[in-house]
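Trainee: I have a structure open and want to learn how to read it. Can we go through it feature by feature?

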Amino acid sequence: MSDLQLIFLGSSGLLVLIIFCILFVVYYKKKQAEQKMNIQELKAEMHKRLLESSLEVQEVERRRIAKDLHDEVGAMLSVTKMSFNQLLKKINTAGELNEQGQQTKEFLEESISQVRRISRELVPSTLEDFGLIIAIDEFIQKIHIATGVLFIFNHEGIEDTHRFDNKIELTIYRIAQELVNNALKHAEAEEISLKLSVQQNKLIFVFTDNGKGFNLEAVKKDVKSGLGLRNIESRLSVVNGTFTIQSSQEKGTNTTIEIPLFS
Amino acid sequence: MNGLMLFSTVSEVSILIPAVIILIKRKYLTAELRILTVYVLLTLLRNTVGVTSDILFYSGLKNFHTLFFYNWQSVLGFYVIAFLYFRLLQFRYWGLFIIIAAGVFTFFSILEIPSGSLTKLNTRSFNQYTYTASSLIILIIVLAYLYQLLQDLKVESITKFPYFWVSVGLLFYFGGSLFVNLFLAKSALSTTQITWGINSGLSFIFHFTVSLAFWYSSFLNNTPNDE
(Lines give C-alpha, C1' and ligand atoms only; values in the text may rest on other atoms or scores of the structure.)
Protein backbone atom coordinates (compact mmCIF):
# COMPACT_ATOMS: atom_id res chain seq x y z
CA MET A 1 0.00 0.00 0.00
CA SER A 2 1.48 3.34 -1.01
CA ASP A 3 1.82 6.32 1.34
CA LEU A 4 -0.88 8.16 -0.59
CA GLN A 5 -3.29 5.27 -0.25
CA LEU A 6 -2.57 5.07 3.47
CA ILE A 7 -3.14 8.77 3.91
CA PHE A 8 -6.41 8.47 2.01
CA LEU A 9 -7.47 5.48 4.11
CA GLY A 10 -6.53 7.22 7.36
CA SER A 11 -8.33 10.43 6.36
CA SER A 12 -11.42 8.46 5.40
CA GLY A 13 -11.38 6.71 8.76
CA LEU A 14 -11.06 10.04 10.54
CA LEU A 15 -13.91 11.46 8.50
CA VAL A 16 -16.08 8.45 9.37
CA LEU A 17 -15.36 8.98 13.06
CA ILE A 18 -16.21 12.69 12.83
CA ILE A 19 -19.47 11.92 10.99
CA PHE A 20 -20.25 9.20 13.55
CA CYS A 21 -19.83 11.66 16.44
CA ILE A 22 -21.96 14.33 14.75
CA LEU A 23 -24.67 11.80 13.92
CA PHE A 24 -24.55 10.49 17.47
CA VAL A 25 -25.21 13.97 18.88
CA VAL A 26 -27.99 14.66 16.34
CA TYR A 27 -29.65 11.28 16.95
CA TYR A 28 -29.30 11.67 20.71
CA LYS A 29 -30.99 15.08 20.65
CA LYS A 30 -33.75 13.78 18.38
CA LYS A 31 -34.44 10.85 20.70
CA GLN A 32 -34.31 13.16 23.69
CA ALA A 33 -36.86 15.50 22.10
CA GLU A 34 -39.12 12.53 21.35
CA GLN A 35 -38.79 11.32 24.93
CA LYS A 36 -39.65 14.77 26.29
CA MET A 37 -42.71 14.93 24.06
CA ASN A 38 -43.82 11.47 25.22
CA ILE A 39 -43.39 12.47 28.86
CA GLN A 40 -45.40 15.64 28.30
CA GLU A 41 -48.17 13.67 26.60
CA LEU A 42 -48.18 11.16 29.46
CA LYS A 43 -48.37 13.97 32.01
CA ALA A 44 -51.25 15.61 30.15
CA GLU A 45 -53.03 12.27 29.90
CA MET A 46 -52.48 11.62 33.60
CA HIS A 47 -53.75 15.10 34.47
CA LYS A 48 -56.83 14.47 32.34
CA ARG A 49 -57.47 11.10 33.99
CA LEU A 50 -57.09 12.66 37.43
CA LEU A 51 -59.60 15.35 36.56
CA GLU A 52 -61.94 12.81 35.09
CA SER A 53 -61.85 10.63 38.19
CA SER A 54 -62.19 13.67 40.46
CA LEU A 55 -65.29 14.76 38.53
CA GLU A 56 -66.64 11.22 38.68
CA VAL A 57 -66.07 11.13 42.42
CA GLN A 58 -67.84 14.49 42.68
CA GLU A 59 -70.85 13.13 40.79
CA VAL A 60 -70.96 9.96 42.90
CA GLU A 61 -70.83 12.05 46.05
CA ARG A 62 -73.62 14.33 44.76
CA ARG A 63 -75.69 11.23 44.05
CA ARG A 64 -75.09 9.88 47.54
CA ILE A 65 -76.01 13.20 49.20
CA ALA A 66 -79.11 13.52 47.00
CA LYS A 67 -80.18 9.97 47.89
CA ASP A 68 -79.57 10.57 51.61
CA LEU A 69 -81.51 13.83 51.48
CA HIS A 70 -84.41 12.34 49.56
CA ASP A 71 -84.64 8.95 51.24
CA GLU A 72 -83.65 9.82 54.77
CA VAL A 73 -84.05 13.52 55.57
CA GLY A 74 -87.01 13.87 53.20
CA ALA A 75 -88.71 10.77 54.55
CA MET A 76 -88.08 11.84 58.13
CA LEU A 77 -89.56 15.28 57.43
CA SER A 78 -92.63 13.69 55.82
CA VAL A 79 -93.13 11.47 58.85
CA THR A 80 -92.67 14.48 61.13
CA LYS A 81 -95.26 16.37 59.09
CA MET A 82 -97.77 13.51 59.36
CA SER A 83 -97.15 13.22 63.05
CA PHE A 84 -97.52 16.96 63.44
CA ASN A 85 -100.83 16.87 61.52
CA GLN A 86 -102.12 14.36 64.05
CA LEU A 87 -100.96 16.63 66.87
CA LEU A 88 -102.57 19.64 65.21
CA LYS A 89 -105.95 17.90 65.09
CA LYS A 90 -105.79 17.45 68.85
CA ILE A 91 -104.85 21.08 69.65
CA ASN A 92 -107.25 22.85 67.32
CA THR A 93 -109.30 24.03 70.29
CA ALA A 94 -106.77 26.58 71.54
CA GLY A 95 -106.67 29.48 69.07
CA GLU A 96 -103.08 30.67 69.67
CA LEU A 97 -101.64 27.17 69.61
CA ASN A 98 -103.52 26.44 66.43
CA GLU A 99 -102.03 29.47 64.69
CA GLN A 100 -98.49 28.52 65.78
CA GLY A 101 -99.15 24.94 64.75
CA GLN A 102 -100.22 26.06 61.24
CA GLN A 103 -97.02 28.11 60.94
CA THR A 104 -94.87 25.14 61.99
CA LYS A 105 -96.70 23.00 59.43
CA GLU A 106 -95.83 25.52 56.73
CA PHE A 107 -92.18 25.43 57.82
CA LEU A 108 -92.19 21.68 57.55
CA GLU A 109 -93.76 21.80 54.08
CA GLU A 110 -91.21 24.36 53.02
CA SER A 111 -88.39 22.15 54.39
CA ILE A 112 -89.70 19.11 52.49
CA SER A 113 -89.93 21.11 49.30
CA GLN A 114 -86.39 22.51 49.78
CA VAL A 115 -84.94 19.04 50.39
CA ARG A 116 -86.63 17.76 47.22
CA ARG A 117 -85.31 20.71 45.22
CA ILE A 118 -81.73 20.30 46.49
CA SER A 119 -81.91 16.58 45.87
CA ARG A 120 -83.08 17.11 42.27
CA GLU A 121 -80.44 19.76 41.62
CA LEU A 122 -77.65 17.58 42.94
CA VAL A 123 -78.42 14.82 40.49
CA PRO A 124 -79.81 15.92 37.14
CA SER A 125 -82.09 12.89 36.72
CA THR A 126 -83.75 14.50 33.69
CA LEU A 127 -80.34 14.64 32.03
CA GLU A 128 -79.76 10.96 32.62
CA ASP A 129 -83.26 9.95 31.57
CA PHE A 130 -84.11 12.31 28.70
CA GLY A 131 -80.86 13.93 27.52
CA LEU A 132 -79.22 17.32 27.34
CA ILE A 133 -81.87 19.33 25.45
CA ILE A 134 -84.75 18.44 27.76
CA ALA A 135 -82.56 18.81 30.87
CA ILE A 136 -81.43 22.32 29.89
CA ASP A 137 -84.99 23.21 28.95
CA GLU A 138 -86.28 22.05 32.33
CA PHE A 139 -83.48 23.82 34.15
CA ILE A 140 -84.01 27.21 32.47
CA GLN A 141 -87.76 26.97 32.92
CA LYS A 142 -87.30 26.56 36.66
CA ILE A 143 -84.92 29.50 36.81
CA HIS A 144 -87.35 31.59 34.72
CA ILE A 145 -90.23 30.77 37.09
CA ALA A 146 -88.09 31.57 40.13
CA THR A 147 -86.40 34.75 38.88
CA GLY A 148 -88.37 36.04 35.90
CA VAL A 149 -85.24 36.16 33.75
CA LEU A 150 -85.96 35.70 30.05
CA PHE A 151 -84.31 32.67 28.40
CA ILE A 152 -83.90 31.91 24.72
CA PHE A 153 -82.80 28.37 24.03
CA ASN A 154 -81.94 27.56 20.44
CA HIS A 155 -80.97 24.01 19.50
CA GLU A 156 -81.73 24.05 15.79
CA GLY A 157 -80.74 20.82 14.07
CA ILE A 158 -80.65 18.83 17.29
CA GLU A 159 -83.69 16.73 18.19
CA ASP A 160 -85.09 17.06 21.70
CA THR A 161 -84.40 13.42 22.31
CA HIS A 162 -80.91 13.39 20.78
CA ARG A 163 -78.32 11.83 23.06
CA PHE A 164 -74.64 12.76 23.20
CA ASP A 165 -71.89 10.98 25.11
CA ASN A 166 -72.69 10.95 28.87
CA LYS A 167 -69.54 12.87 29.72
CA ILE A 168 -70.26 15.56 27.13
CA GLU A 169 -73.89 15.92 28.27
CA LEU A 170 -72.89 16.26 31.91
CA THR A 171 -70.09 18.72 31.02
CA ILE A 172 -72.40 21.02 29.03
CA TYR A 173 -75.15 20.78 31.66
CA ARG A 174 -72.83 21.63 34.55
CA ILE A 175 -71.22 24.47 32.60
CA ALA A 176 -74.67 25.81 31.69
CA GLN A 177 -75.59 25.72 35.40
CA GLU A 178 -72.36 27.54 36.28
CA LEU A 179 -72.85 30.19 33.59
CA VAL A 180 -76.52 30.77 34.48
CA ASN A 181 -75.55 31.06 38.12
CA ASN A 182 -72.84 33.62 37.26
CA ALA A 183 -75.19 35.58 35.00
CA LEU A 184 -77.80 35.86 37.76
CA LYS A 185 -75.56 36.25 40.78
CA HIS A 186 -72.77 38.50 39.48
CA ALA A 187 -73.90 39.97 36.16
CA GLU A 188 -77.55 40.56 37.18
CA ALA A 189 -78.60 39.64 33.65
CA GLU A 190 -82.21 40.01 32.52
CA GLU A 191 -81.94 38.05 29.32
CA ILE A 192 -79.95 34.90 28.65
CA SER A 193 -79.51 33.15 25.34
CA LEU A 194 -78.31 29.56 24.96
CA LYS A 195 -77.48 28.10 21.58
CA LEU A 196 -76.54 24.49 20.98
CA SER A 197 -75.46 23.26 17.56
CA VAL A 198 -73.36 20.61 15.84
CA GLN A 199 -70.85 21.87 13.27
CA GLN A 200 -68.02 19.91 11.64
CA ASN A 201 -68.24 17.09 14.16
CA LYS A 202 -68.09 19.53 17.03
CA LEU A 203 -70.71 20.39 19.61
CA ILE A 204 -70.89 24.16 19.88
CA PHE A 205 -72.51 25.77 22.89
CA VAL A 206 -72.86 29.54 22.88
CA PHE A 207 -74.00 31.28 26.04
CA THR A 208 -74.83 34.98 25.96
CA ASP A 209 -76.18 37.25 28.67
CA ASN A 210 -76.99 40.97 28.76
CA GLY A 211 -75.55 41.46 32.24
CA LYS A 212 -72.91 43.79 33.62
CA GLY A 213 -70.03 41.88 32.13
CA PHE A 214 -66.68 41.66 33.83
CA ASN A 215 -62.97 42.21 33.41
CA LEU A 216 -61.77 38.83 32.20
CA GLU A 217 -58.08 39.40 33.01
CA ALA A 218 -58.84 40.57 36.54
CA VAL A 219 -61.10 37.57 37.20
CA LYS A 220 -58.48 35.17 35.86
CA LYS A 221 -55.89 36.57 38.26
CA ASP A 222 -58.20 36.49 41.27
CA VAL A 223 -57.98 33.06 42.91
CA LYS A 224 -61.47 33.22 44.43
CA SER A 225 -63.51 34.69 41.59
CA GLY A 226 -61.55 32.77 38.95
CA LEU A 227 -62.64 29.48 40.45
CA GLY A 228 -65.72 29.21 38.19
CA LEU A 229 -63.61 29.73 35.08
CA ARG A 230 -61.09 27.14 36.20
CA ASN A 231 -63.93 24.76 36.96
CA ILE A 232 -65.21 25.19 33.39
CA GLU A 233 -61.68 24.73 32.06
CA SER A 234 -61.17 21.54 34.09
CA ARG A 235 -64.46 20.04 32.99
CA LEU A 236 -63.72 20.84 29.35
CA SER A 237 -60.22 19.39 29.45
CA VAL A 238 -61.72 15.99 30.28
CA VAL A 239 -63.69 15.99 27.01
CA ASN A 240 -60.93 17.79 25.02
CA GLY A 241 -63.12 20.86 24.83
CA THR A 242 -62.14 24.51 24.53
CA PHE A 243 -63.84 27.73 25.47
CA THR A 244 -63.57 31.42 24.74
CA ILE A 245 -65.10 34.26 26.73
CA GLN A 246 -65.75 37.74 25.49
CA SER A 247 -66.88 40.18 28.09
CA SER A 248 -66.70 43.88 28.75
CA GLN A 249 -68.19 46.07 31.42
CA GLU A 250 -71.90 46.81 30.87
CA LYS A 251 -71.94 44.92 27.56
CA GLY A 252 -72.72 41.42 28.72
CA THR A 253 -70.79 38.21 28.30
CA ASN A 254 -70.48 35.77 25.46
CA THR A 255 -69.06 32.31 26.12
CA THR A 256 -68.42 29.84 23.30
CA ILE A 257 -67.67 26.23 24.05
CA GLU A 258 -66.48 23.68 21.51
CA ILE A 259 -66.32 19.97 22.19
CA PRO A 260 -65.18 17.47 19.56
CA LEU A 261 -67.66 14.66 18.95
CA PHE A 262 -66.22 11.21 18.28
CA SER A 263 -69.00 9.23 16.77
CA MET B 1 14.28 19.57 14.42
CA ASN B 2 11.95 19.03 11.48
CA GLY B 3 8.30 20.05 11.31
CA LEU B 4 6.97 16.62 12.17
CA MET B 5 9.14 16.34 15.27
CA LEU B 6 8.07 19.81 16.36
CA PHE B 7 4.42 18.84 15.91
CA SER B 8 5.07 15.67 17.90
CA THR B 9 6.65 17.66 20.74
CA VAL B 10 3.79 20.18 20.73
CA SER B 11 1.22 17.37 20.91
CA GLU B 12 3.10 15.87 23.88
CA VAL B 13 3.22 19.23 25.63
CA SER B 14 -0.54 19.66 24.99
CA ILE B 15 -1.20 17.23 27.87
CA LEU B 16 -0.58 20.30 30.05
CA ILE B 17 -3.95 21.72 28.90
CA PRO B 18 -6.09 19.05 30.61
CA ALA B 19 -3.64 19.04 33.54
CA VAL B 20 -4.20 22.78 34.09
CA ILE B 21 -7.99 22.39 33.69
CA ILE B 22 -7.93 19.60 36.29
CA LEU B 23 -6.33 22.05 38.73
CA ILE B 24 -8.91 24.73 37.93
CA LYS B 25 -11.91 22.38 38.16
CA ARG B 26 -10.59 20.16 40.96
CA LYS B 27 -13.62 20.94 43.16
CA TYR B 28 -16.02 19.43 40.63
CA LEU B 29 -14.20 16.19 39.92
CA THR B 30 -16.35 13.12 40.38
CA ALA B 31 -14.89 9.70 41.23
CA GLU B 32 -14.81 8.82 37.51
CA LEU B 33 -13.08 12.06 36.56
CA ARG B 34 -10.52 11.38 39.29
CA ILE B 35 -9.84 8.05 37.62
CA LEU B 36 -9.38 9.92 34.34
CA THR B 37 -7.02 12.26 36.21
CA VAL B 38 -4.81 9.24 36.94
CA TYR B 39 -4.69 8.57 33.19
CA VAL B 40 -3.76 12.19 32.49
CA LEU B 41 -1.02 12.02 35.15
CA LEU B 42 0.39 8.82 33.61
CA THR B 43 0.43 10.50 30.19
CA LEU B 44 1.95 13.65 31.67
CA LEU B 45 4.73 11.58 33.23
CA ARG B 46 5.37 9.74 29.95
CA ASN B 47 5.35 12.94 27.90
CA THR B 48 7.65 14.70 30.37
CA VAL B 49 10.18 11.93 29.81
CA GLY B 50 9.58 12.11 26.04
CA VAL B 51 9.98 15.89 25.79
CA THR B 52 13.05 15.84 28.08
CA SER B 53 14.57 13.17 25.83
CA ASP B 54 13.83 15.32 22.74
CA ILE B 55 15.45 18.36 24.33
CA LEU B 56 18.54 16.39 25.37
CA PHE B 57 18.77 14.80 21.92
CA TYR B 58 18.50 18.06 19.97
CA SER B 59 20.86 19.90 22.30
CA GLY B 60 23.35 17.08 21.68
CA LEU B 61 23.75 16.24 25.37
CA LYS B 62 22.35 12.71 25.50
CA ASN B 63 20.36 10.25 23.41
CA PHE B 64 18.18 7.78 25.28
CA HIS B 65 15.18 5.79 24.18
CA THR B 66 11.82 6.45 25.82
CA LEU B 67 9.84 3.56 24.35
CA PHE B 68 9.95 1.75 27.72
CA PHE B 69 7.83 4.56 29.25
CA TYR B 70 5.42 4.61 26.29
CA ASN B 71 4.94 0.86 26.57
CA TRP B 72 4.23 0.98 30.30
CA GLN B 73 1.90 3.95 29.89
CA SER B 74 -0.13 2.00 27.34
CA VAL B 75 -0.43 -0.98 29.70
CA LEU B 76 -1.31 1.00 32.83
CA GLY B 77 -3.46 3.43 30.81
CA PHE B 78 -5.57 0.53 29.56
CA TYR B 79 -6.33 -0.63 33.11
CA VAL B 80 -7.26 2.92 34.14
CA ILE B 81 -9.62 3.37 31.17
CA ALA B 82 -11.10 -0.11 31.70
CA PHE B 83 -11.74 0.70 35.37
CA LEU B 84 -13.32 4.04 34.37
CA TYR B 85 -15.80 2.32 32.05
CA PHE B 86 -16.31 -0.51 34.53
CA ARG B 87 -17.84 2.18 36.73
CA LEU B 88 -19.67 4.00 33.94
CA LEU B 89 -21.28 1.00 32.27
CA GLN B 90 -24.33 0.04 34.28
CA PHE B 91 -25.33 -3.17 32.57
CA ARG B 92 -23.66 -5.89 34.65
CA TYR B 93 -22.65 -8.08 31.69
CA TRP B 94 -20.49 -5.24 30.44
CA GLY B 95 -18.73 -5.25 33.81
CA LEU B 96 -18.06 -8.95 33.30
CA PHE B 97 -16.86 -8.27 29.75
CA ILE B 98 -14.39 -5.66 31.02
CA ILE B 99 -13.02 -8.07 33.65
CA ILE B 100 -12.54 -10.82 31.04
CA ALA B 101 -11.09 -8.31 28.53
CA ALA B 102 -8.64 -7.08 31.17
CA GLY B 103 -7.58 -10.71 31.69
CA VAL B 104 -7.06 -11.17 27.94
CA PHE B 105 -5.12 -7.92 27.83
CA THR B 106 -2.90 -9.06 30.71
CA PHE B 107 -2.18 -12.25 28.75
CA PHE B 108 -1.09 -10.16 25.72
CA SER B 109 1.07 -8.00 27.96
CA ILE B 110 2.81 -11.10 29.31
CA LEU B 111 3.50 -12.14 25.72
CA GLU B 112 5.44 -8.89 25.29
CA ILE B 113 7.86 -9.68 28.14
CA PRO B 114 10.31 -11.81 26.09
CA SER B 115 10.80 -8.89 23.69
CA GLY B 116 11.96 -6.76 26.62
CA SER B 117 9.50 -3.96 25.78
CA LEU B 118 8.30 -3.86 29.36
CA THR B 119 11.41 -5.00 31.16
CA LYS B 120 14.37 -3.19 29.56
CA LEU B 121 14.73 0.55 30.22
CA ASN B 122 16.52 1.17 26.91
CA THR B 123 14.24 -1.12 24.89
CA ARG B 124 13.63 -0.40 21.22
CA SER B 125 10.69 -2.83 21.03
CA PHE B 126 7.22 -1.50 20.64
CA ASN B 127 4.57 -3.62 22.41
CA GLN B 128 2.39 -3.93 19.37
CA TYR B 129 0.12 -6.77 20.59
CA THR B 130 -0.75 -4.80 23.69
CA TYR B 131 -1.52 -1.65 21.72
CA THR B 132 -3.75 -3.52 19.26
CA ALA B 133 -5.58 -5.46 21.98
CA SER B 134 -6.14 -2.36 24.12
CA SER B 135 -7.37 -0.36 21.12
CA LEU B 136 -9.88 -3.06 20.16
CA ILE B 137 -11.16 -3.58 23.70
CA ILE B 138 -11.46 0.13 24.47
CA LEU B 139 -13.28 0.77 21.18
CA ILE B 140 -15.85 -1.91 22.06
CA ILE B 141 -16.29 -0.56 25.61
CA VAL B 142 -16.64 3.04 24.41
CA LEU B 143 -19.22 2.08 21.78
CA ALA B 144 -21.13 0.15 24.45
CA TYR B 145 -21.10 3.23 26.65
CA LEU B 146 -22.34 5.47 23.82
CA TYR B 147 -25.13 2.94 23.22
CA GLN B 148 -25.98 3.06 26.93
CA LEU B 149 -26.20 6.87 26.73
CA LEU B 150 -28.62 6.54 23.81
CA GLN B 151 -30.75 4.03 25.70
CA ASP B 152 -30.89 5.99 28.96
CA LEU B 153 -31.26 9.52 27.53
CA LYS B 154 -30.71 10.83 31.04
CA VAL B 155 -28.17 13.49 30.11
CA GLU B 156 -29.82 16.86 29.58
CA SER B 157 -27.11 18.33 27.35
CA ILE B 158 -24.93 15.69 25.71
CA THR B 159 -22.38 18.17 24.35
CA LYS B 160 -21.70 19.37 27.89
CA PHE B 161 -21.42 15.88 29.32
CA PRO B 162 -17.81 15.07 30.32
CA TYR B 163 -17.99 11.31 29.67
CA PHE B 164 -19.30 11.94 26.18
CA TRP B 165 -16.17 13.93 25.38
CA VAL B 166 -13.95 11.34 27.04
CA SER B 167 -15.61 8.68 24.88
CA VAL B 168 -15.24 10.77 21.70
CA GLY B 169 -11.56 11.32 22.49
CA LEU B 170 -10.98 7.63 23.16
CA LEU B 171 -12.84 6.70 19.99
CA PHE B 172 -10.55 8.92 17.91
CA TYR B 173 -7.37 8.01 19.77
CA PHE B 174 -7.79 4.25 19.90
CA GLY B 175 -9.59 4.05 16.54
CA GLY B 176 -6.64 5.86 15.00
CA SER B 177 -4.13 3.76 16.92
CA LEU B 178 -5.79 0.59 15.67
CA PHE B 179 -5.55 1.89 12.12
CA VAL B 180 -1.88 2.69 12.63
CA ASN B 181 -1.13 -0.71 14.14
CA LEU B 182 -3.05 -2.68 11.55
CA PHE B 183 -2.00 -0.83 8.40
CA LEU B 184 1.30 0.83 9.18
CA ALA B 185 2.92 -1.94 11.23
CA LYS B 186 5.38 -3.05 8.57
CA SER B 187 6.48 0.37 7.55
CA ALA B 188 8.96 1.99 5.30
CA LEU B 189 10.76 5.11 6.58
CA SER B 190 8.23 7.49 5.06
CA THR B 191 5.40 5.47 6.61
CA THR B 192 7.08 5.62 10.01
CA GLN B 193 7.02 9.38 9.74
CA ILE B 194 3.32 9.24 8.83
CA THR B 195 2.79 7.00 11.88
CA TRP B 196 4.43 9.59 14.12
CA GLY B 197 2.35 12.33 12.56
CA ILE B 198 -0.91 10.43 12.98
CA ASN B 199 -0.05 9.50 16.56
CA SER B 200 0.76 13.09 17.40
CA GLY B 201 -2.46 14.30 15.77
CA LEU B 202 -4.52 11.70 17.63
CA SER B 203 -2.85 12.60 20.93
CA PHE B 204 -3.62 16.24 20.33
CA ILE B 205 -7.30 15.49 19.61
CA PHE B 206 -7.48 13.25 22.69
CA HIS B 207 -5.92 15.88 24.95
CA PHE B 208 -8.38 18.42 23.61
CA THR B 209 -11.46 16.25 24.22
CA VAL B 210 -10.21 15.26 27.68
CA SER B 211 -9.76 18.98 28.40
CA LEU B 212 -13.38 19.53 27.35
CA ALA B 213 -14.45 16.69 29.66
CA PHE B 214 -12.75 18.30 32.65
CA TRP B 215 -13.97 21.74 31.64
CA TYR B 216 -17.59 20.53 31.68
CA SER B 217 -17.15 18.66 34.99
CA SER B 218 -19.25 21.28 36.79
CA PHE B 219 -22.23 20.37 34.57
CA LEU B 220 -22.28 16.87 36.06
CA ASN B 221 -24.11 18.21 39.09
CA ASN B 222 -27.08 18.92 36.84
CA THR B 223 -27.25 15.41 35.44
CA PRO B 224 -28.82 12.69 37.49
CA ASN B 225 -26.73 9.75 36.35
CA ASP B 226 -23.30 8.23 36.39
CA GLU B 227 -22.37 9.67 39.73
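Mentor: Start with the elements. Chain A has seven helices and five strands. Helices (H or I, at least four residues) and strands (E, at least two) are DSSP runs, numbered from the N terminus. Along the sequence of chain A, the pattern reads α-α-α-α-β-α-β-β-α-α-β-β.

Trainee: What should I know about the model and its numbering?

Mentor: This is a predicted model: local features need pLDDT of at least 70, side-chain atom pairs count only at pLDDT 80 or more, and totals for chains, interfaces and linings use all residues. Residues are numbered from 1 along each chain as its sequence is written, while chains are lettered from A and ligands numbered from 1 in the order in which they are written.

Trainee: What percentage of the residues of chain A count as buried?

Mentor: Count neighbours. A residue is buried if 20 or more other C-beta atoms lie within 10 Å of its own, exposed if 12 or fewer, and partly exposed in between; C-beta atoms are placed from the backbone. Of the 263 residues of chain A, 17% are buried.

Trainee: Is A:Q100 buried or exposed?

Mentor: A:Q100 counts as exposed, because it has 12 C-beta neighbours inside 10 Å. A:Q100 sits in helix 2 (residues 95–122) of chain A.

Trainee: How do helix 5 and helix 7 of chain A run relative to each other?

Mentor: Angles under 35 degrees count as roughly parallel, over 145 as roughly antiparallel, 65 to 115 as roughly perpendicular and the rest as oblique. The axes of helix 5 (residues 166–185) and helix 7 (residues 227–238) of chain A come within 10 Å and cross at roughly 170°. So the two helices are roughly antiparallel.

Trainee: Which residues of these two helices meet?

Mentor: Contact means C-beta atoms, placed from the backbone, within 7 Å. From helix 5 of chain A come A:K167, A:T171, A:R174, A:I175, A:E178 and A:N182. They meet A:G228, A:N231, A:I232, A:R235, A:L236 and A:V238 of helix 7.

Trainee: How do I check the length of helix 3 of chain B?

Mentor: The expected span is 1.5 Å times one less than the number of residues. Helix 3 (residues 31–58) of chain B has 28 residues, so it should span 40 Å; its end C-alpha atoms are 40 Å apart, which agrees. Its buried residues include B:L33, B:L36 and B:V40. B:G60 follows helix 3 of chain B, with a positive phi near 75°.

Methods:
Axes fitted to C-alpha atoms, helices over the stretch in contact; angles between N-to-C directions.
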